[in-house]
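Dear colleague,

Please find the structure below, with its sequence.

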Amino acid sequence: MTTTDTRPLSLDMLKRLVGFPTVSRDSNLDLIRHVADYLAGHGIDSRLTYDDTGLKANLFATIGPADVPGVVLSGHTDVVPVDDQNWSSDPFDLTEREGRVYGRGATDMKGFVAVILAFVPRFAAANLKKPVHLSLSYDEEIGCIGVRRLIDDLPALPVRPEMCIVGEPTRMRLMLAHKGKVNMRVRVRGSSCHSSLAPQGVNAVEYAAELVSFLRRMARRKAAMGPYDQLFDVAHTTVHTGIIAGGTALNIVPKDCRVDFEIRAIPQDDLEEMVAEVKAFAATELEPEMKAIDPEAGFSWEVISSIPGLDTEPDAEVAQMVSQLTGRNDFGKVAFGTEGGLFQKRGGIPTVICGPGDIDQAHKPDEFIELSQLAECEAFMERLIERLAA
């Protein structure tokens, strides 16, 4: 049995996975084909779902009886860029130093993927009474895009999985929830004129600023009045404006402006209701004044990306199982988004988050995962095999 006193058996697999530079802007097919060939070598078929370009794919595979509800082990294959980051070693060549291994994706989240793939021979050799499903997705880092097609393809299975573990880095601590998130882009259309005649125009930048001010008031209200959930790092819903761009010259009343903002909502808040509140403010408080000068002026709205929140009860079967497999009774909730909310709400599959590594390492130069974390995850998989074979 794997322990923290032995070298993790997943190291070789992790080195292979890190060696595939699967930055979200690029294809992940080399990695996916490598995994599919590896699984085929153990007699396991893979089901692939592609994006519209055919250059990216999800992979789903079942080990064990296909007609029995099983456990999904979910990870994403894409990583964030290394551009303009100062690395001490090649980010796509796993490097070991002082009990850690360094490489892009080592903790987010090829470490977990390496563990589940390294355990394929053990899963296959065990007489599993319930199956393990391996789920590998594309484009998680840019809005959990790829996994939606994978989930929509699950009805083709003989039976729906009964639970899902998303292996994002939690230091192998059970996490029951994450915030829902929506990224919005607002385009403000005004009417330009010479700045000496400013009242005759519609200043898109100024109306955008009023919208940003409303978003800031909403953020202050959530911070001051809640609702709150103290298990999150930030206990309330947050509202954040990240980009505002408009205007061409100081002496021209700007015709166009763009605002990008996000809302990250705890489960007690409704994302759709909050977005509707923002739109209602623009429609009732700002647009009438704008359209009185130019009927074509106003706001247009675009959802850049959105993911539903995850909210699993502590007494849910999947939570109880993972708690037993980790040997810990405590649990928490994470501020970062995962594919878990989609598995739960889009797929109807009870889901929790639990994986090796620390989210604090994600997206940084010299990203690393501790060997002890890989070993702890491997011990978790050993116990999972025992449970599913019982």
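Two elements are in contact when heavy atoms lie within 4.5 Å. Helices (H or I, at least four residues) and strands (E, at least two) are DSSP runs, numbered from the N terminus. The model is a predicted one: local features need pLDDT of at least 70, side-chain atom pairs count only at pLDDT 80 or more, and totals for chains, interfaces and linings use all residues. Residues are numbered from 1 along each chain as its sequence is written, and side-chain values use heavy atoms, with hydrogens and water left out.

I begin with helix α8. This helix (residues 317–326) is mostly covered, as 7 of its 10 residues are buried, where buried means under 20% relative accessible area, exposed over 50%, and partly exposed in between (1.4 Å probe, protein chains only). The buried residues are V318, A319, M321, V322, S323, L325 and T326. Their cover includes β3, β7 (163–166), β8 (175–178), β15 (351–353) and α10 (371–389). Just after α8, G327 takes a positive phi of about 75°.

Next comes strand β6 (residues 132–137). 6 of its 6 residues are buried, so the strand is largely enclosed by the rest of the structure. On one side lie V132, L134 and L136, and on the other H133, S135 and S137; both faces are covered. Two strands are said to pair if DSSP finds at least two bridges between them. Strand β2 (residues 57–63) runs antiparallel to β6 and is joined to it by 5 bridges, with I63 opposite V132. Strand β3 (residues 71–76) pairs with β6 in the parallel sense over 6 bridges, and G75 has L136 as its bridge partner there.

A separate section concerns an open sheet. Its 4 strands follow the order β10-β11-β9-β12, with antiparallel pairing. β10 (238–246) and β12 stand at the edges with a single partner strand each, so one side of each has no neighbour in the sheet. From one strand to the next, the twist averages 15°; for such angles, axes are lines fitted to C-alpha atoms, for helices over the stretch in contact, and angles run from 0 to 180 degrees between N-to-C directions. β9 and β12 are paired antiparallel over 9 bridges, and M184 has V303 in β12 as its bridge partner. Helix α6 (residues 204–225) packs on the sheet, touching β9, β10, β11 (256–265) and β12, and its direction makes about 170° with that of β10. Helix α7 (residues 271–293) lies across β9, β10, β11 and β12, at about 165° to β12.

The largest pocket has a volume of about 440 Å³. Of the 19 residues lining this pocket, E141, K181, R264, G337 and H363 are the closest to its centre. On a 1 Å grid over the protein atoms alone, a pocket is an open set of points where a 1.4 Å probe fits, with protein on both sides within 12 Å along at least five of seven lines; lining residues have an atom within 4 Å of a point. Grid points are joined across faces, edges and corners, and a volume is the space filled by probe spheres set on the points. β9 (180–189) and β12 (298–307) each supply at least two residues of the lining.

Finally, T49 is in strand β1 (residues 46–50) and, at 14% relative accessibility, counts as buried. Leaving out residues up to four places away in sequence, T49 touches K56, A57, N58, Y138, R149, L150 and D153.

Yours sincerely
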